[in-house]
Amino acid sequence: MPGKAGRRFMIIALTGTPGTGKTTVCGIIREHSQYRKQYHIIDLNRLVLDEKLYTEKDEKRNTYEADMDKLEERVKQVISQLPKGLDVILEGHLSHLLPADAVIVLRAHPVALRKRLGKRKDYSFAKVKENTDAEALDVILVESAERSKNVFEINTTDMNSLAVAKSIVSIIESLKLGKAPREFLPGKINWIEQAGL
Ligand SMILES: Nc1ncnc2c1ncn2[C@@H]1O[C@H](COP(=O)(O)OP(=O)(O)O)[C@@H](O)[C@H]1O
Ligand SMILES: [Mg+2]
């Protein structure tokens, strides 16, 4: 588990407001000839749905409330069964609520996010707004910083997903060398200030 002496691999929580590109970038890591050998990705949304690790369905918002205790137990079990030496990426907007060595928060300008989420058939206008507001207010970043000292953020607004994948890998590699990936320390992104508010 995180912090245990002698372990060389890392557990990384890859989080961010829905639409920031977590699933897309994980698709790239899974398909990349080198990255796929080093990183094992656990898709938390998939795991919650496939194994019914939720408490109830929110009918109004058409979402499930994940059972975080059950999810944490199951993730630990999955990790314990992996071949040694792989780094683990926990993918999902709840990943920062699970134990991890570091948290990477994907960010996107709320206007860009609105465009990305607008394409989703299953997202109502209200749901898009809820997410762009949460992004504007740094909700996931704040939640992450409350739980972890190792939090980094990537502004994906003008990046393609391969560039985002490279940034994720560079953060993990720096951490494994005991270096702080300064470029990705939080605090550089301020959507409210950018909007002149
Ligand atoms: N870096 C990016 N730049 C532009 N659009 C992106 C980027 N990453 C993802 N998208 C698009 O945004 C939408 C949401 O991406 P997705 O990976 O499903 O986000 P998440 O898993 O974080 O909810 C998709 O339509 C995807 O094609
Ligand atoms: Mg996703």
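This is a predicted model: local features need pLDDT of at least 70, side-chain atom pairs count only at pLDDT 80 or more; totals for chains, interfaces and linings use all residues.
Helices, H or I runs of at least four residues, and strands, E runs of at least two, are DSSP runs numbered from the N terminus. The secondary structure of the protein chain comes to nine helices and seven strands.

- Within helix α5 (residues 110-118), the residues Pro 110, Leu 113 and Leu 117 are buried, and because they cover an arc of only 50° around the axis, they lie on the same side of α5.
- The buried residues of α5 pack against α6 (125-136) and against α9 (191-194).
- The largest nonpolar core has 36 residues, of which Ile 12, Leu 90, Ala 100, Ile 104 and Ile 168 touch the most other members.
- Once its neighbours within four places in sequence are left aside, Ile 168 is in contact with Leu 14, Val 25 and Ile 104.

**Overall dimensions and packing**
- The protein chain has a radius of gyration of 16 Å, which agrees with the value near 16 Å that a compact globule of 197 residues would have.
- Taken along the principal axes, the C-alpha atoms of the protein chain fill a box of roughly 45 × 40 × 35 Å.
- Of the 197 residues in the protein chain, 33% are buried.
- Among contacts between residues at least 6 apart in sequence, 75% join residues at least 24 apart.

Definitions and conventions
Residues are numbered from 1 along each chain as its sequence is written. Chains are lettered from A and ligands numbered from 1 in the order in which they are written. A residue is buried if 20 or more other C-beta atoms lie within 10 Å of its own, exposed if 12 or fewer, and partly exposed in between; C-beta atoms are placed from the backbone. The arc is that of the directions from the helix axis to the C-beta atoms. Two residues are in contact if their C-beta atoms, placed from the backbone, lie within 7 Å. A nonpolar core is a set of buried Ala, Val, Leu, Ile, Met, Phe, Trp, Tyr and Cys residues joined through C-beta atoms within 7 Å. The radius of gyration is taken over C-alpha atoms; the globule rule is 2.2 Å times the number of residues to the power 0.38.
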